[in-house]
Amino acid sequence: MFGMSVFQSVVERLKAERDMEGDGDAAGDVQAWRSPIDRSPAFVMATPACATPALNAVARAYRELAPAERTEPPVMPAHLKRTSLADVAEELAIAEDETTLTLAAKRRHFAAANHPDRLTAEFRANATVRMKLANMLIDEATRRLVRP
């Protein structure tokens, strides 16, 4: 390894490991499971050779537990179809005796089910409209609170 560049020494080590493991699919298991960072020369050199069987077992278990790809498109939940101001106001049910704390709790509860970042891309437009309306209604109710 002396007299070689770092890249050449990594290539030589990988060749040696491949020759020791044989042509089975074990090396392919690890490569399929590893991220691009895990394939970096620093990671490869720091990973002990005895870790390869353990990584293969993890890779197989991960593939078995990974959900199958969907063939049908996702269905939009019914509440996301309700994008009018009246619908959102009805869901929030803001009363006259609300406090700052209850309004904040309603905002958090509404955002938990409707925030665009928590939904798939197909539903984000409706979720954005709903969140804008809910925030507007809650902000208006907060402004109308009687301050001591």
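Modeller: Take arginine 13 and glutamate 17: their side chains meet in a salt bridge at 3.1 Å, N to O (a side-chain nitrogen of Lys or Arg within 4 Å of a carboxyl oxygen of Asp or Glu). This is a predicted model, where local features need pLDDT of at least 70, side-chain atom pairs count only at pLDDT 80 or more, and totals for chains, interfaces and linings use all residues. Residues are numbered from 1 along each chain as its sequence is written, and side-chain values use heavy atoms, with hydrogens and water left out.

Back to that pair: arginine 13 and glutamate 17 sit four residues apart in helix H1 (residues 6-21), so about one helical turn separates them; helices here are DSSP runs of H or I, at least four residues, numbered from the N terminus. Arginine 13 is partly exposed at 22% relative accessibility, while glutamate 17 is buried at 18% (buried is under 20% relative accessible area, exposed over 50%, partly exposed in between, with a 1.4 Å probe and protein chains only).

Next, glutamate 98 and lysine 106 meet in a salt bridge at 2.9 Å, N to O, and glutamate 98 is buried at 12%.

Then there's arginine 107 with aspartate 139, whose closest N and O atoms are 2.7 Å apart. That one links distant parts of the chain, helix H6 (residues 100-114) and helix H7 (residues 124-143), with the partners 32 residues apart. Both ends are partly exposed: arginine 107 at 26%, aspartate 139 at 32%. Elsewhere, salt bridges with shared partners tie Arg82, Asp87 and Glu90 into one network.

Methods. Helices (H or I, at least four residues) and strands (E, at least two) are DSSP runs, numbered from the N terminus.
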